[in-house]
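Please open the model in a viewer and keep the selection panel at hand.

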Amino acid sequence: MPDITYQSGGWLAILASDVTVTGPNIVNNLGDPGTQLTWSNSSPQGGTLPVTDTDGDGQLIAGVDPSATGFTFSGYTVSANGLEFPIFTNASNSFFYIAVDDVSAFNNAVGASGTSNAYQSPENSPNLYLCFAEGTAIATPNGEVAVETLAIGDNVLTAEGRSVAVKWIGRQTVMTRFGPAERLMPVQFAAGSLGDGLPHSDLTVTADHGMLVDGVICHAGALVNGTTITRVPLAQMGESYTVYHIETEAHEIILANGAPAETFIDNVTRRAFDNFAEFEALYGDVPEMEELPYPRAMSARQVPQRIVARLGHRLAG
């Protein structure tokens, strides 16, 4: 995996005295997903400095990957002009630095004060993308509709044929520049790859989206076989792409391009979605959801052999 070669044309320095940190489980100015930095003052810094991928894994990891100055990636980013910029910190978290291509353009978009995007730790980032790609056909009582056209209150069909209301549509913009490359690659199921003619047409979901296969919720990435179920190279996705997740009142199995797929389950934070504020305004704090009583395979080694054999036989055939 090639190193990240993001080249910063400048930096914004933020003193820790001007930084507040909000969110869950805050420790030493860092925290879990949902934690944010807010700053009230920043100053431009000169120089062109590279951001390096120390361990060559194709991703920036909080506390591991440094700039040439030795400041390490904090796990926070900030958005401006449709792009996402990494925030670095020194060992004592007394300074935070934002790596930007153009300091003046960044300041014009964000100003000297601002708020970071939610913190994403390497341990939790694999679980942040659990959605359908734009254009996915979702079954409804009135026929299939593209996922991005669904709205709160619309009805969708479960795999058993029940009609259930959409409670919320979570929307995520996936930035391909700084995240774990393999995890950010969507997975494409070729038509018929899951058996019984399903999906009825090529289906693209994120790697951790659960598909119901032979009574097991299998994460899409765990089913990749390199031919009929493949990862979509990030080069085909551009600098960012948008994905959608459907939440219903209960955890359900619905039909995506005809194939059984899960709705949102809150073992992942809703704060990962761009429009989390909409959910919070509509519903506030809600009780934890009860997950459907299916076993879950999150990695290839957890997929039952009967499913591996079936997909392998289909592959060999």
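The stops below are given in the order in which they may be selected.

This is a predicted model, in which local features need pLDDT of at least 70, side-chain atom pairs count only at pLDDT 80 or more, and totals for chains, interfaces and linings use all residues. Residues are numbered from 1 along each chain as its sequence is written, and side-chain values use heavy atoms, with hydrogens and water left out.

**The whole chain.** Of the 317 residues, 49% count as buried, that is, under 20% relative accessible area with a 1.4 Å probe, protein chains only. Among contacts (heavy atoms within 4.5 Å) with a separation of 6 or more, 65% join residues 24 or more positions apart.

Strands pair if DSSP finds at least two bridges between them; strand 4 (residues 36-39) and strand 10 have 2 bridges. Display Thr38 to find its bridge partner, Thr115, in strand 10.

**A loop residue.** Finally, centre on Asn275, in the loop between strand 23 (259-262) and helix 3 (276-283). Is Asn275 buried or exposed? Asn275 counts as buried because its relative accessibility is 8%. Leaving aside neighbours within four places in sequence, Asn275 is in contact with Trp168, Ile169, Gly170 and Arg171.

Key: Buried < 20%, exposed > 50% of the residue type's maximum accessible area, 1.4 Å probe, protein only. Helix = DSSP H or I, 4+ residues; strand = E, 2+ residues; numbered from the N terminus.
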